[in-house]
Amino acid sequence: MIPHPPARRVAGDARFWDRSVAVVLWIGGAGVLSAMAVSLAWLGFHALFDAGIAVPGRIAGWMGGSIFLGMGGALLAFPLAIAGALWTDPVRTGPLVRLCSALPLSVPAFLVAMRFAPWLESLVGVPTRHPGWAVFALAWGGIAPQWFGFSRALALPGLGRWREAALALGIPERGILTGIALPAARRGILAGWMRSFARNCGETMVILLVAGGTIGGRWTAGEALVIELPKAELGGSLWLDLLRAALLLGTWTVLLQLGAALLDRSQSRAAVQ
């Protein structure tokens, strides 16, 4: 006979500490790996452009800056988004997080530029106009899409039934997290990360407010379009390159959003089966 009530009580008593350990591990481990990845990408990004051979042309330069910006923000947002989704109730916080994910990224960018960066400049030794603040602002704004994607996956009916059965069998919360929740919600995690990445790639106001218009002296596609297109000669080489960059950036964003939508459909079908 399955010891349903005692197993629930034991799992419930250990739930808080198990989840706390999981959140600390996610924030610490994934945060360190994200910071290392962003640092390596930043060094490689500069090395490629300084060499002048690996990434030829200004279109590739603009797209490289946009992809680096989107990747950096999405990676830094990943551990906090996952930790928040694990810590909170997906059903109750889902609508609020979805609302936050719809807010423009200029809001966190303005707060970083006007409040946080000047206050923390002397403490952390990072100048107010350093491009790292732009990546941080994008990470701040990119938490909500990833949080919502993972919370939505955790709230699916199929996953709830698996979790109830695991608790009835006496499986601890940590085992449910690593053995059921994370594998079952992997499509939702990836879909949220892709949306955050796509959102960051085309961002313009964050760089204008926080980094002064460039990322480490390099243009992004969005910045080039906003600043250079009004001054470009109609039909000239710069004008044509800007239009090509706009087409590439738009196509890249649409493909990422389409891939995220397909992952969501696959996640929903897997939960029904």
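Start with the core. The largest nonpolar core has 30 residues. Those touching the most other members are Trp62, Ile82, Phe150, Ile189, Trp193, Met194 and Phe197. By nonpolar core I mean buried Ala, Val, Leu, Ile, Met, Phe, Trp, Tyr and Cys residues joined through side-chain atoms within 4.5 Å. Buried means under 20% relative accessible area, with a 1.4 Å probe and protein chains only.

Which helix gives the most to this core? That is α2, with eight residues. A second, separate core has 16 residues, including Ala109, Trp133, Ala134 and Ile207.

A word on the source. This is a predicted model, where local features need pLDDT of at least 70 and side-chain atom pairs count only at pLDDT 80 or more, while totals for chains, interfaces and linings use all residues. Residues are numbered from 1 along each chain as its sequence is written, and side-chain values use heavy atoms, leaving out hydrogens and water.

Now Ser66. It sits in helix α2, residues 58-87; helices are DSSP runs of H or I, at least four residues, numbered from the N terminus. Is Ser66 buried or exposed? Buried, because its relative accessible area is 1%. Beyond residues up to four places away in sequence, Ser66 touches Cys201, Thr220, Ala221, Gly222 and Leu249. Contact here means heavy atoms within 4.5 Å.

Last, α2 against α10. Trp62, Met63 and Ser66 in α2 meet Ala221, Gly222 and Ala224 in α10. The residues of this contact are four nonpolar, two polar and no charged, with Gly counted as polar.

Key:
Helix = DSSP H or I, 4+ residues; strand = E, 2+ residues; numbered from the N terminus. Buried < 20%, exposed > 50% of the residue type's maximum accessible area, 1.4 Å probe, protein only.
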